[in-house]
Amino acid sequence: MRAPLYYTSCMKHDKLIREATHLAKKFRVTNGSKFRLKDYRTDDTTGVTSKKHGERLLQESSECASEMQEKLYAQDRWALLLVFQGMDSSGKDGSVKHVMSGVNPQGCEVHSFKAPTSDELDHDYLWRAHNVIPERGKIGIFNRSYYEEVLVVRVHPKLLVTERLPERRVTKHVWSERYEDINAFERYLTRNGVVIRKFFLHISKEEQKKRFLDRLDDPTKNWKFSLSDIQERGFWKDYKRAYEEMVQNTATKYAPWYVVPADNKWFMRLAVASAIVEALADLKLVFPEADKAKKKELDQIRKSLLTE
């Protein structure tokens with residue numbers, strides 16, 4: 001006798017969740033004390049036999065995440081915050097587009113953090129992020145984030161001047177203090193039911209060059225390109241050092257970093273999707289059961305419809 005479709009689907013999802021957990025684990029960093037960026041390849045495709053195989057797994061992972069997101073929204077207890085960081089052309093936009101393609105837009109919000117506005121500069125640097133933390137039942141996506149404050153601002157410390165901080169607050173400890181503040185902020189969010197997963201999309205300088213040239217050759221992608229992108233390549237070593245120290249100082253069990261190899265877009269998207277599936281599965285989400293009052297209301301609705 002054939003197993004009912006429901007049980008077949010559950011078994012399929014259980015297997016997928018196990019595979020996703022196994023794949024994501026390789027790139028997860030929960031303690032940065034021994035983290036070294038040189039230990040992580042940018043072209044890694046460990047455990048996936050081919051691009052076709054990876055794209056099939058990505059499709060299945062996206063469908064699984066979509067189903068769990070419905071439960072997240074219905075349960076209205078947890079929120080999921082996904083933070084994406086990476087060099088220009090590392091695939092932040094593409095990850096959001098492909099990995100979250102099956103998710104109900106009603107339960108998902110995307111926020112891109114550009115250079116802060118004058119109003120934002122009149123507040124602390126976490127203010128604009130805190131204003132858009134996802135509410136219960138929703139998934140929030142940060143395309144860049146408050147981590148820019150220990151990345152681009154660290155590489156270009158003159159940007160600190162524009163933040164108009166009191167001089168006595170800008171000391172040699174400013175970066176370690178910001179790491180402390182970020183860790184405390186993420187701990188606070190976690191204690192209030194916001195699950196945090198952070199992705200550093202790790203691309204090589206050679207692959208970035210190739211993608212930049214592709215953008216120049218494709219009129220539909222010219223709008224993505226600016227001279228500042230090339231200028232920032234000149235600070236490649238500074239950025240790599242800043243990313244390494246960022247992970248070393250802010251990777252925690254409650255808000256882990258995933259150092260995702262980004263040279264192969266298909267594998268990068270699969271690794272991100274796997275981490276999202278793992279995070280949602282860990283919440284043991286279920287649709288809420290109707291209480292007595294709700295069941296009574298539903299019975300009244302049924303009677304009303306049947307007597308029309």
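The crossing of helix α3 with helix α12 is right-handed. The structure described here is a predicted model. Helix α3 spans residues 92-99 and helix α12 spans residues 265-281; the two pack at an angle of about 60 degrees, and their axes lie 10 Å apart. Because of this angle, α3 is oblique to α12. On the α3 side the contact is formed by G94, S95, H98 and V99, and on the α12 side by M268, R269, V272, A273 and I276. Sorted by class, the residues in this contact comprise 5 nonpolar, 3 polar and 1 charged.

The crossing of α2 with α12 is left-handed, whereas that of α3 with α12 is right-handed. From α2, the residues K51, G54, E55, L57, L58, S61, C64, A65, M68 and L72 take part in the contact, and they meet W266, R269, L270, A273, V277, L280 and A281 of α12. This contact holds 12 nonpolar, 2 polar and 3 charged residues. In general, residues three or four places apart in an α-helix point the same way, because the helix has 3.6 residues a turn.

A disulfide is a covalent bond between the sulfur atoms of two cysteines. The cysteine sulfur closest to that of C108 is in C64, at a distance of 16 Å, which is too far for a bond. A search of the whole structure finds 0 disulfides.

H202 lies in strand β5, which covers residues 194-202, and is buried, with a relative accessible area of 6%. Apart from neighbours within four places in sequence, the contacts of H202 are with L37, Y40, R41, T42, K240, V259, V260, P261, A262 and D263. Q208 is located in helix α9 (residues 205-217), and its relative accessible area of 2% makes it buried. When residues up to four places away in sequence are not counted, Q208 touches M87, D88, S89, I203, R233 and W236.

P134 is a buried residue placed in a loop. This proline is found between α5 (127-130) and β4 (139-143), and its relative accessible area is 6%. With neighbours within four places in sequence left aside, P134 is in contact with A79, L80, L81, I139 and G140. S33 is 101 residues from P134 along the chain, and the C-alpha atoms of P134 and S33 are separated by 30 Å.

Most residues other than glycine have a negative phi. D76, a residue other than glycine, has a positive phi near 60 degrees. D76 belongs to the loop that joins α2 to β2 (79-86) and is partly exposed, at 37% relative accessible area. R164, likewise not a glycine, has a positive phi of about 55 degrees. The position of R164 is in the loop between α7 (159-162) and α8 (174-191). With 48% relative accessibility, R164 counts as partly exposed.

Notes: Residues numbered from 1 in each chain as written. Predicted model: local features only at pLDDT ≥ 70, side-chain atom pairs only at ≥ 80, totals over all residues. Heavy atoms only, no water. Axes fitted to C-alpha atoms, helices over the stretch in contact; angles between N-to-C directions. Helix = DSSP H or I, 4+ residues; strand = E, 2+ residues; numbered from the N terminus. Parallel < 35°, antiparallel > 145°, perpendicular 65-115°, else oblique. Left-handed = near helix turned anticlockwise from the far one by under 90°. Contact = heavy atoms within 4.5 Å. Nonpolar A, V, L, I, M, F, W, Y, C, P; charged D, E, K, R; others polar. Buried < 20%, exposed > 50% of the residue type's maximum accessible area, 1.4 Å probe, protein only. Disulfide = S-S within 2.5 Å.
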